[in-house]
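Here are my notes for someone opening this one for the first time. Have a look around first, then read on.

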Amino acid sequence: MRFVVPGVETLRGYQRGWLRADVLAGLTVAAYFVPQVMAYAQLAGLPAVTGLWVALAPLVLYFLLGSSRLMSLGPESTTALLTAAAIAPIAAGDPVRYATLAAVLALLVGVMCVIGWIARLGFLADLLSKPVLVGYLTGIAVIMMSGQLGRLTGAPVEGDSPPAEVLSAIKLIPEWKLAPVIVSVTALAALLALAKWAPRVPGPIIVVGLAALTTWAAGLKGMGVALVGEVPGGLPVPHVPSVHAGDLALLALPALGVALVGYTDTVLTGRAFASRGGGPIDPDRELLVLGLANVSAGLVRGFPVSSSGSRTALAAASGAKSQVYSLVAALAIVATLLFAGPVLSTFPVPALGALVVYAALRLIDLAEFRRIAAFRTAEFVLAVATTIGVIAVNVLYGVLVAVALSVLDVLRRVARPHDGILGYVPGIAGMHDIDDYPDARPVPGLVVYRYDSPLFFANAENFHRRALAAVDGSPTPVRWLLLNAEANVEIDITAIDALDTLREELEARGIVLALARVKQDLRDDLQSAGFLDRLGPERVFYTLPTAVEAFRRQSPDPGTLSVSSPD
């Protein structure tokens, strides 16, 4: 099978009309990227320039191998925080050892992700449902906005969660600076206005450029408007960190946690933006590119990386058409490291904060919440729980709680599924649920029962009880209980025992148990468990009509023969 390189395929099918949008999006993302990743490096406990070094290879790798047209891969706040939490206690204040351990951590994360790709563990992403995606994006949007409060107000806002940051900002209202607030509010209003009335205009880069010009012309720097400031130069030189067995043992568990966080974040972000121009993602390929990106980070003395919801949102808001925008952003970072630092250093921080808030607002989809609520309350609760979990706890634990709730909801529905008694409906072929058709007529003496779920330990007793209830509720004496097994595609030993117990109880009452529409896989399982030998092969039918006909032939009551099928 030919290994397809998405970046090469993108270039082969690239449309000239996309170039302007991709260049503008790349430059816009780079303008935000540079100060952001420098801050993330410091958050991880490393020199600011490390963030720029680490950012380069993931952008290029994702262009080559990534499956989303919008995803931005690179330094990210959650993995930066996890790096600091894992490394600080081990490094014991030694900056050289700290940097080495951070690089080793990135390498371990990368190796784990590549192993996950080889083992095809991408199926784990299937546990992330639509309500989880909607709730996750909303939670990320809130985190993005609360994280900008210090930039927007010029006050020293602190906090390790959105509620803490909001509370800190409120307490610091007397310290808010007027000039940063005016710049940020004006920039946000301009971004929203351009998006509404001039969507084809590259609003983000125009607004940030005008903000920089205004800040310089009006001398706002002296009024509390912070600028990006000095951007370090120089390109990284790859280096393999020295690895000791003891370090690997200490970092193995933290690396697994960071890998889980990074992959979960990447898949959630990719899927969340799939309907926003990102296109469908390949979970296995995302594992590969995330692994290689982390290996590259380790080789430049960096720290673990993941996807960035804020930069991805910014790319979408800027009109990016393909991953070519990531190449543009990478070239801009190279230019920054070599000679363009003075230009970016003039960008006002409040305007960049407004740009993030603008991108975050576009992530919140209230209409989708309403649609989910109208469909099913349980799924709406799941979406809200995901949002609250991401905001109140953190991205990883919030998503894990949401996934756990999703699995519990599935188990609840499978453990207590719909069931029905079938009968003939005048003028309609086949047998149908008598609850759906008031004029449906069951066959006297025959209960045709359907249990709409695979049979396994969680619903075995429920099935046994409800099947007996169907027999007990029959208006006429029952001679056969015919189980329509079309939905019972799988069965475990606990359910087979329940089915056998049902057979024995019915036999004691003079009632025959028979099965219809038994698929071959189910038949094989019943045979290997010895159940078919006890039931009798003549009691197993491939179709309902043949089972009903067998009942009629063997019925001692001639009255049953008067009931004819519309088939």
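1. Let's start with a term: a salt bridge here means a side-chain nitrogen of Lys or Arg within 4 Å of a carboxyl oxygen of Asp or Glu. Asp500, Arg503, Glu504, Glu507 and Arg534 are linked in a network of such bridges. A search of the whole structure turns up 16 salt bridges.

2. Before going further, some ground rules. This is a predicted model, where local features need pLDDT of at least 70 and side-chain atom pairs count only at pLDDT 80 or more, while totals for chains, interfaces and linings use all residues. Residues are numbered from 1 along each chain as its sequence is written, and side-chain values use heavy atoms, with hydrogens and water left out.

3. Glu507 and Arg503 meet through their side chains in a salt bridge of 3.5 Å, N to O. Both sit in helix H20 (residues 493-508), four residues apart, so about one helical turn separates them. Helices are DSSP runs (H or I, at least four residues), numbered from the N terminus. Is Arg503 buried or exposed? Arg503 counts as buried at 10% relative accessibility, whereas Glu507 is exposed at 53%. For these words, buried means under 20% relative accessible area, exposed over 50%, and partly exposed in between (1.4 Å probe, protein chains only).

4. Now take a look at Glu368, which has a salt bridge with Lys130, the closest N and O atoms being 3.9 Å apart. Glu368 is in helix H16 (residues 366-375) and Lys130 is in helix H6, so this pair ties together parts that are 238 residues apart in sequence. Glu368 is buried, at 12% relative accessibility, and Lys130 is partly exposed, at 41%.

5. Glu368 has another partner: its side chain also meets that of Arg371 in a salt bridge (2.6 Å, N to O). These two are both in helix H16, three residues apart, or about one turn of the helix. Arg371 is exposed, with a relative accessible area of 51%.

6. On to the pocket. The largest pocket has a volume of about 1400 Å³, a volume being the space filled by probe spheres set on grid points joined across faces, edges and corners. On a 1 Å grid over the protein atoms alone, a pocket is an open set of points where a 1.4 Å probe fits, with protein on both sides within 12 Å along at least five of seven lines; lining residues have an atom within 4 Å of a point.

7. Leu535 belongs to helix H22 (residues 531-535) and counts as buried, at 9% relative accessibility. Leu515 is 20 residues from Leu535 in sequence, and the two are 9.5 Å apart in space, C-alpha to C-alpha.
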